[in-house]
Amino acid sequence: MRSKLLIVEDNQDVAGILADYFEVQGTEVDFATNGELGLKLALESSFDAIILDLMLPKMDGLSVAKELRKQGCTTPILMLTALDDKQDLLNGFESGADDYLAKPFDLDVLNARISALIKRQQGRVALGILKYGSLELNTAEHQVYRNGNQLILTPACYQILHLLMKRAPNVVKREELIEELWGDMPPGNDILRSHMYQLRNQLDKPFPESMLVTVPKIGFKLQQETLNNSNESP
(Lines give C-alpha, C1' and ligand atoms only; values in the text may rest on other atoms or scores of the structure.)
Protein backbone atom coordinates (compact mmCIF):
# COMPACT_ATOMS: atom_id res chain seq x y z
CA MET A 1 0.00 0.00 0.00
CA ARG A 2 1.27 3.47 -0.93
CA SER A 3 2.48 5.44 2.08
CA LYS A 4 1.46 9.03 2.71
CA LEU A 5 3.83 11.43 4.46
CA LEU A 6 3.42 14.94 5.79
CA ILE A 7 6.64 16.95 5.72
CA VAL A 8 6.65 20.11 7.84
CA GLU A 9 9.81 21.96 6.80
CA ASP A 10 10.35 25.67 6.09
CA ASN A 11 13.66 25.23 4.25
CA GLN A 12 12.67 24.94 0.58
CA ASP A 13 15.91 23.21 -0.40
CA VAL A 14 15.47 20.51 2.23
CA ALA A 15 11.80 20.13 1.40
CA GLY A 16 12.61 19.78 -2.29
CA ILE A 17 15.23 17.10 -1.65
CA LEU A 18 12.80 15.15 0.54
CA ALA A 19 10.04 15.47 -2.06
CA ASP A 20 12.25 14.14 -4.85
CA TYR A 21 13.51 11.26 -2.73
CA PHE A 22 10.19 10.01 -1.43
CA GLU A 23 8.13 10.63 -4.57
CA VAL A 24 10.55 8.54 -6.65
CA GLN A 25 9.72 5.65 -4.30
CA GLY A 26 6.00 6.10 -4.92
CA THR A 27 5.31 7.79 -1.59
CA GLU A 28 2.56 10.39 -1.55
CA VAL A 29 3.88 13.57 0.04
CA ASP A 30 2.16 16.67 1.40
CA PHE A 31 3.99 19.75 2.66
CA ALA A 32 3.68 22.57 5.16
CA THR A 33 6.15 25.44 5.42
CA ASN A 34 5.19 26.54 8.92
CA GLY A 35 4.02 24.93 12.15
CA GLU A 36 0.46 26.24 12.10
CA LEU A 37 -0.20 24.83 8.63
CA GLY A 38 1.48 21.57 9.56
CA LEU A 39 -0.78 21.19 12.59
CA LYS A 40 -3.86 21.95 10.50
CA LEU A 41 -2.97 19.41 7.79
CA ALA A 42 -2.06 16.71 10.32
CA LEU A 43 -5.42 17.07 12.05
CA GLU A 44 -7.52 17.30 8.89
CA SER A 45 -5.99 14.44 6.87
CA SER A 46 -4.66 10.95 7.52
CA PHE A 47 -0.91 10.32 7.16
CA ASP A 48 1.25 7.27 7.79
CA ALA A 49 4.01 9.41 9.32
CA ILE A 50 5.01 13.03 9.87
CA ILE A 51 8.50 14.47 9.32
CA LEU A 52 8.58 17.55 11.54
CA ASP A 53 11.31 20.17 11.67
CA LEU A 54 12.09 21.59 15.10
CA MET A 55 12.68 25.22 14.08
CA LEU A 56 9.60 26.46 12.25
CA PRO A 57 7.91 29.84 11.78
CA LYS A 58 4.57 30.60 13.47
CA MET A 59 4.70 27.47 15.64
CA ASP A 60 7.81 25.44 16.49
CA GLY A 61 8.02 21.68 16.07
CA LEU A 62 7.84 20.92 19.79
CA SER A 63 4.58 22.85 20.10
CA VAL A 64 3.15 21.18 17.01
CA ALA A 65 3.96 17.71 18.35
CA LYS A 66 2.52 18.50 21.78
CA GLU A 67 -0.70 19.83 20.30
CA LEU A 68 -1.09 16.83 17.99
CA ARG A 69 -0.76 14.44 20.92
CA LYS A 70 -3.06 16.59 23.04
CA GLN A 71 -5.73 16.32 20.35
CA GLY A 72 -5.34 12.56 20.11
CA CYS A 73 -3.35 12.29 16.89
CA THR A 74 -1.33 9.05 17.06
CA THR A 75 0.48 9.43 13.70
CA PRO A 76 4.20 8.62 14.13
CA ILE A 77 6.39 11.73 14.25
CA LEU A 78 10.05 11.92 13.28
CA MET A 79 11.57 15.21 14.36
CA LEU A 80 14.37 16.91 12.44
CA THR A 81 16.69 19.44 14.03
CA ALA A 82 19.89 21.31 13.26
CA LEU A 83 20.68 21.03 16.97
CA ASP A 84 22.08 17.83 18.40
CA ASP A 85 22.42 17.55 22.14
CA LYS A 86 20.89 15.46 24.86
CA GLN A 87 18.41 18.10 26.01
CA ASP A 88 17.04 18.61 22.48
CA LEU A 89 16.52 14.89 22.18
CA LEU A 90 14.74 14.71 25.53
CA ASN A 91 12.57 17.71 24.68
CA GLY A 92 11.61 16.11 21.38
CA PHE A 93 10.54 12.84 22.95
CA GLU A 94 8.74 14.62 25.78
CA SER A 95 6.69 16.59 23.23
CA GLY A 96 5.43 13.36 21.66
CA ALA A 97 7.94 12.64 18.91
CA ASP A 98 8.62 8.96 18.16
CA ASP A 99 12.08 9.41 16.66
CA TYR A 100 14.69 12.10 16.21
CA LEU A 101 17.27 12.84 13.50
CA ALA A 102 19.86 15.61 13.44
CA LYS A 103 20.72 17.59 10.34
CA PRO A 104 22.55 16.95 8.10
CA PHE A 105 21.12 13.48 7.69
CA ASP A 106 21.47 10.60 5.25
CA LEU A 107 18.32 10.12 3.17
CA ASP A 108 18.55 6.34 3.32
CA VAL A 109 18.79 6.48 7.13
CA LEU A 110 15.78 8.81 7.23
CA ASN A 111 13.84 6.44 5.01
CA ALA A 112 14.74 3.47 7.21
CA ARG A 113 13.61 5.35 10.31
CA ILE A 114 10.30 6.36 8.70
CA SER A 115 9.67 2.81 7.45
CA ALA A 116 10.30 1.44 10.94
CA LEU A 117 7.86 3.94 12.48
CA ILE A 118 5.15 3.06 9.96
CA LYS A 119 5.62 -0.68 10.48
CA ARG A 120 5.51 -0.24 14.24
CA GLN A 121 2.27 1.72 13.98
CA GLN A 122 0.77 -0.87 11.63
CA GLY A 123 1.75 -3.55 14.13
CA ARG A 124 -0.12 -1.75 16.89
CA VAL A 125 -3.19 -1.51 14.68
CA ALA A 126 -2.87 -5.19 13.75
CA LEU A 127 -3.04 -6.12 17.42
CA GLY A 128 -6.59 -4.83 17.38
CA ILE A 129 -6.22 -2.03 19.92
CA LEU A 130 -7.36 1.47 18.96
CA LYS A 131 -6.81 4.35 21.35
CA TYR A 132 -8.02 7.93 21.22
CA GLY A 133 -7.78 10.04 24.32
CA SER A 134 -9.49 8.18 27.16
CA LEU A 135 -11.10 5.73 24.71
CA GLU A 136 -9.76 2.24 24.05
CA LEU A 137 -11.34 -0.16 21.58
CA ASN A 138 -10.36 -3.83 21.34
CA THR A 139 -11.36 -5.18 17.94
CA ALA A 140 -10.58 -8.77 18.88
CA GLU A 141 -12.98 -8.75 21.82
CA HIS A 142 -15.37 -6.07 20.52
CA GLN A 143 -15.04 -4.16 23.77
CA VAL A 144 -14.78 -0.42 24.32
CA TYR A 145 -13.62 1.43 27.42
CA ARG A 146 -13.62 5.08 28.41
CA ASN A 147 -11.50 6.03 31.39
CA GLY A 148 -11.34 2.32 32.17
CA ASN A 149 -15.13 1.95 32.24
CA GLN A 150 -16.59 -0.51 29.75
CA LEU A 151 -19.23 0.88 27.39
CA ILE A 152 -22.17 -1.37 26.55
CA LEU A 153 -22.73 -0.81 22.83
CA THR A 154 -25.05 -2.31 20.27
CA PRO A 155 -23.33 -3.80 17.18
CA ALA A 156 -24.31 -0.74 15.13
CA CYS A 157 -22.98 1.70 17.74
CA TYR A 158 -19.76 -0.31 17.96
CA GLN A 159 -19.29 -0.08 14.16
CA ILE A 160 -19.90 3.66 14.23
CA LEU A 161 -17.46 4.26 17.08
CA HIS A 162 -14.86 2.02 15.45
CA LEU A 163 -14.93 4.14 12.29
CA LEU A 164 -14.90 7.39 14.24
CA MET A 165 -11.87 6.25 16.24
CA LYS A 166 -9.97 5.20 13.12
CA ARG A 167 -10.53 8.65 11.63
CA ALA A 168 -10.23 10.74 14.82
CA PRO A 169 -9.98 13.64 15.12
CA ASN A 170 -11.17 14.00 11.52
CA VAL A 171 -14.83 14.22 10.51
CA VAL A 172 -16.67 11.14 9.21
CA LYS A 173 -19.47 12.05 6.82
CA ARG A 174 -22.99 10.78 7.39
CA GLU A 175 -22.85 9.05 4.01
CA GLU A 176 -19.76 7.11 5.08
CA LEU A 177 -21.44 5.94 8.26
CA ILE A 178 -24.52 4.83 6.34
CA GLU A 179 -22.33 2.95 3.88
CA GLU A 180 -20.44 1.31 6.76
CA LEU A 181 -23.65 0.11 8.40
CA TRP A 182 -25.93 -0.75 5.50
CA GLY A 183 -23.96 -0.68 2.25
CA ASP A 184 -26.14 0.06 -0.76
CA MET A 185 -29.43 -0.47 1.09
CA PRO A 186 -29.74 2.29 3.71
CA PRO A 187 -33.01 2.33 5.67
CA GLY A 188 -32.97 6.13 6.05
CA ASN A 189 -31.29 8.94 8.00
CA ASP A 190 -33.69 8.60 10.94
CA ILE A 191 -32.18 5.20 11.73
CA LEU A 192 -28.69 6.69 11.79
CA ARG A 193 -29.98 9.46 14.05
CA SER A 194 -31.32 6.84 16.45
CA HIS A 195 -27.99 4.99 16.54
CA MET A 196 -26.08 8.23 17.17
CA TYR A 197 -28.43 9.03 20.05
CA GLN A 198 -27.77 5.62 21.58
CA LEU A 199 -24.03 6.00 21.10
CA ARG A 200 -24.03 9.43 22.71
CA ASN A 201 -25.90 8.07 25.73
CA GLN A 202 -23.21 5.44 26.30
CA LEU A 203 -20.15 7.43 25.26
CA ASP A 204 -20.86 10.85 26.77
CA LYS A 205 -23.82 10.91 29.14
CA PRO A 206 -22.10 9.18 32.11
CA PHE A 207 -19.03 11.44 31.83
CA PRO A 208 -18.44 15.14 32.58
CA GLU A 209 -17.02 15.90 29.10
CA SER A 210 -18.42 15.05 25.67
CA MET A 211 -16.32 13.36 23.01
CA LEU A 212 -18.88 12.87 20.24
CA VAL A 213 -19.34 16.03 18.19
CA THR A 214 -21.94 16.70 15.51
CA VAL A 215 -20.66 18.66 12.52
CA PRO A 216 -23.87 20.19 11.13
CA LYS A 217 -24.90 19.00 7.66
CA ILE A 218 -21.67 16.98 7.32
CA GLY A 219 -21.23 14.23 9.88
CA PHE A 220 -19.58 13.44 13.19
CA LYS A 221 -16.17 13.38 14.82
CA LEU A 222 -14.47 12.61 18.11
CA GLN A 223 -12.56 15.11 20.18
CA GLN A 224 -10.91 14.70 23.53
CA GLU A 225 -12.27 17.78 25.23
CA THR A 226 -15.48 19.57 24.36
CA LEU A 227 -17.47 22.35 25.90
CA ASN A 228 -21.21 22.72 26.05
CA ASN A 229 -21.88 19.76 23.75
CA SER A 230 -24.01 17.75 26.14
CA ASN A 231 -27.25 19.11 24.68
CA GLU A 232 -26.14 18.74 21.08
CA SER A 233 -28.61 16.71 19.04
CA PRO A 234 -27.39 13.76 16.92
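First, the ground rules. Residues count from 1 along each chain as its sequence is written, and side-chain values use heavy atoms, without hydrogens or water. Because the model is predicted, local features need pLDDT of at least 70 and side-chain atom pairs 80 or more, while totals for chains, interfaces and linings use all residues.

Start with helices H2 (35–44) and H3 (61–70). Helices (H or I, at least four residues) and strands (E, at least two) are DSSP runs, numbered from the N terminus. H2 and H3 pack at about 25°, with axes 10 Å apart. Axes are lines fitted to C-alpha atoms, for helices over the stretch in contact, and angles run from 0 to 180 degrees between N-to-C directions. H2 and H3 are therefore roughly parallel. The cut-offs: under 35 degrees is roughly parallel, over 145 roughly antiparallel, 65 to 115 roughly perpendicular, and the rest oblique.

Who touches whom? On H2, Gly35, Leu39, Ala42 and Leu43; on H3, Val64, Glu67 and Leu68. Contact means heavy atoms within 4.5 Å. By class, that is five nonpolar, one polar and one charged. Ala, Val, Leu, Ile, Met, Phe, Trp, Tyr, Cys and Pro count as nonpolar, Asp, Glu, Lys and Arg as charged, and the others, Gly among them, as polar.

Now the second pair. H6 (155–167) and H7 (174–182) pack at about 130°, axes 10 Å apart. That makes H6 and H7 oblique to each other. Ala156, Gln159, Ile160, Leu163 and Arg167 of H6 meet Glu176, Leu177, Glu180 and Leu181 of H7. This contact has five nonpolar, one polar and three charged residues.

Next, the second largest pocket. Its lining has 15 residues, with Gln71, Tyr132, Pro169, Gln223 and Gln224 nearest the centre. A pocket here is an open set of points on a 1 Å grid over the protein atoms alone, where a 1.4 Å probe fits, with protein on both sides within 12 Å along at least five of seven lines; lining residues have an atom within 4 Å of a point. H2 gives the most to this lining, three residues. The classes are five nonpolar, four polar and six charged.

Last, the backbone. Pro169 sits in the loop between H6 and strand S10 (172–173). The bond from Lys103 to Pro104 is also cis, omega near -10°. Lys58 has a positive phi, near 75°.
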